[in-house]
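Let's take a friendly walk through one protein model, stop by stop. Have a look at the picture first, then read on.

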Amino acid sequence: MSIFSNPSFSEHELVAFHNDRQSGLKAIIAVHSSELGPGVGGCRMHPYGSEEEALLDVLRLSRGMTYKSALAGLPFGGGKSIIIGDPHKQKTRALLEAMGDFVHSLGGRYITAEDVGTSVADIRAMSQRTPYVAGLDDNEHGGDPSPSTAYGVFLGIRAAVRHLHGKNSLDDLAISVQGLGHVGFRLARLLIEDGATVYGADINTANSERAAAELGVRPVNSDEVLFLPVDVVAPCAMGAVWNQDSISRLRAGIVCGAANNQLATPEDGERLRRRGILYCPDFLVNAGGIIEAHHQRQSSSDSDRLAHITRIETTLAEVLRLSGERQVSTESVAEEMAEDILRGSFRARDGANRYLAA
Ligand code: NAI
C-alpha cells in the first residue's frame with residue numbers, strides 16, 4: 001500500500017495510522033492542509049473492503065474538506081478520519097474512547113465530528129478523551145448540521161436553476177432526491193415549499209415512507225432515482241455516484257446534492273460538462289453544515305450564520321459563470337478558486353514572517 005505515490009495523495013501534511021490492540025480500533029487520520037486552521041472533518045466508520053479502500057477514502061475526503069472550508073471562507077484546514085469496521089457490529093465504548101485518544105494525540109491539528117457511521121453520541125464518547133471535537137448537540141459545541149447543509153444545497157439548486165433557466169423559483173420543476181436521511185429529507189421539504197415536485201428514494205423504506213407521508217415526496221425505485229427525466233438530480237446518500245456509465249444515463253440538466261465526493265474520478269467532472277449537465281461541486285454546495293458548526297462555536301447571531309450560508313449561492317453562481325466562459329468543468333473552477341484562496345493565505349503568512357524577521 002503506497003502513500004506518497006498513491007493517486008489520491010495530494011501533498012497531504014499528515015497521515016496517521018492507529019492500531020489499538022485492546023479495543024480493536026484500526027483507524028486513519030489524514031490532515032490534508034492546516035494552512036487556514038486546524039484540519040476539521042468528520043470521523044467515518046465503515047466496513048471497508050480493503051485497507052487501500054480505507055486509505056483512498058480518507059485521503060480524498062480530507063482534501064475535499066480543505067477545499068470546502070477554503071471556499072466557504074472558514075478558518076479551518078482539511079482533515080478527516082476513518083475507522084475500519086462495521087458501525088452496527090463493532091462499535092464499542094472502548095473503541096470510541098480509543099479513537100478519542102488517537103485524535104488527542106495530534107494535539108489539535110485535527111478536530112473530529114460525526115459522519116457516516118458515527119453519531120453525535122459517538123463523538124460525545126470521544127470527547128471524554130479529547131476536547132478536539134465539534135458538532136455535539138450542546139450549547140458549547142453546536143448541534144446537528146444537517147438543516148444548514150440542506151439549506152445550502154437548496155440555495156445551490158436555486159442558483160443553478162437561475163443560471164440555466166433564468167427562473168427565481170422552483171415552480172413547475174421536477175427534482176429527484178437520492179437518500180432521504182438527515183439532509184435529503186430536509187432538502188425535499190425546502191424544494192416542495194418552493195414549488196417543486198419531488199421524487200425520492202431511500203434504501204431504508206422507513207425513510208421513504210416518512211417522506212411520502214409527511215412531505216408528499218413521490219417514492220421511486222432506488223435504482224432509478226438518479227436517472228429520471230427530471231430537471232435536477234440531488235444525490236444525498238453516498239459518494240462516487242458519477243462515473244462513465246451513470247453519466248451516460250443521466251437525463252437531468254442539473255446535478256446538485258449533498259453527498260461528498262460524488263465524482264468517481266476527476267475526469268467525471270469534464271464528462272458531465274461535455275454532456276451539457278450543470279454539475280454543482282459537492283464541496284461547495286454542502287458546506288452549510290460546517291459553516292453552521294463554525295458559527296455555533298463562535299456563538300454568532302442567526303443573521304450572521306444565515307448570511308454566511310447564503311454566500312454558497314453567490315459563489316456557485318460565479319463558478320457556473322466561469323465554467324461556461326472558460327469551457328472547463330465546474331469542479332476544476334471550484335478547485336482552482338479554493339487553491340487561489342490557499343495561495344492567498346500562503347502569501348499573507350510569508351509576508352507576515354518576512355515582516356517579523358525584519
Ligand atoms: P444519512 O445517513 O442521514 O442519510 C443518507 C440516507 O441515504 C440514508 O437514509 C440511507 O438509507 C440512504 N441511502 C444510502 N444508499 C442509498 C442508495 N443507494 N439509494 C437510496 N438511498 C440510499 O446521511 P446525511 O447526514 O443525510 O448525509 C447525506 C450525504 O451528505 C452523505 O454523503 C454525507 O457525507 C453528506 N454530507 C452530510 C452533511 C450533514 O450535515 N449531514 C454535511 C456534508 C455532507
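How far does a polar side-chain atom of Thr149 lie from an oxygen atom of the ligand? The distance is 2.6 Å. That falls under the idea of a polar contact (a pair of N or O atoms within 3.5 Å; within protein, one must be able to donate a hydrogen and the other to accept it, and residues adjacent in sequence count only if both atoms are side-chain atoms).

## Before we go on

This is a predicted model, where local features need pLDDT of at least 70 and side-chain atom pairs count only at pLDDT 80 or more, while totals for chains, interfaces and linings use all residues. Residues are numbered from 1 along each chain as its sequence is written, and side-chain values use heavy atoms, with hydrogens and water left out.

The side chain of Asn207 has an N or O atom 2.8 Å from an oxygen atom of the ligand, and a polar backbone atom of Ile203 is 3.3 Å from a ligand nitrogen atom. On its own the ligand has 830 Å² of accessible area, and the protein covers 77% of that. Such areas come from the Shrake-Rupley method with a 1.4 Å probe; for residues, only the protein chains shown count as cover. Helix H4 (146-165) and helix H5 (182-193) are the elements that give two or more residues to the shell around the ligand. Helices here are DSSP runs (H or I, at least four residues), strands are too (E, at least two), and both are numbered from the N terminus.

There are 23 residues around the ligand, and Thr149, His182, Asp202, Asn207 and Ala237 come nearest. To be near, a residue needs one of its heavy atoms within 4 Å of the molecule or strand in question. Sorted by class, the shell holds nine nonpolar, eleven polar and three charged residues. For that sorting, Ala, Val, Leu, Ile, Met, Phe, Trp, Tyr, Cys and Pro are nonpolar, Asp, Glu, Lys and Arg are charged, and the others, Gly among them, are polar.

## Rings and their partners

How many aromatic pairs does a search of the whole structure find? It finds three. One of them is Phe4 with Phe9, an edge-to-face pair with 5.4 Å centre to centre and 85° between the planes. Rings of Phe, Tyr and Trp (its six-membered ring) pair if their centres lie within 6.5 Å; planes under 30 degrees apart are stacked, over 60 edge-to-face and the rest tilted. Is Phe4 buried or exposed? Phe4 is exposed, because its relative accessibility is 71%, whereas Phe9 is buried at 17%. The cut-offs are under 20% relative accessible area for buried, over 50% for exposed and in between for partly exposed (1.4 Å probe, protein chains only).

Rings also turn up with charges over them. Arg210 lies over the face of Phe185, 3.9 Å from the ring centre, and Arg249 lies over the face of Phe227, 3.9 Å from the ring centre. A charge sits over a ring if NZ of Lys or CZ of Arg is within 6 Å of the ring centre and within 35 degrees of the ring normal.

Most residues other than glycine have a negative phi. Asn261, though, has a positive phi near 55°. Asn261 sits in the loop between strand E11 (254-255) and helix H8 (267-274), and it counts as buried because its relative accessibility is 15%.

Gln327 has a positive phi near 55° too. Its place is the loop between H11 and H12, where Gln327 is exposed at 51%. Ser329 lies in the loop between helix H11 (302-326) and helix H12 (330-357), but Ser329 is buried at 3%. The side chain of Ser329 makes a polar contact of 2.9 Å with the side chain of Ser332.

## Across the chain

Arg343 is in helix H12 and is partly exposed at 39%. Its side chain is joined to that of Asp340 by a polar contact of 2.7 Å. Along the chain, Arg343 and Glu35 are 308 residues apart, yet 9.2 Å separates their C-alpha atoms.

Phe17, in strand E1 (residues 14-20), is partly exposed at 44%. Phe17 and Ile82 are 65 residues apart in sequence and 9.8 Å apart in space, C-alpha to C-alpha.
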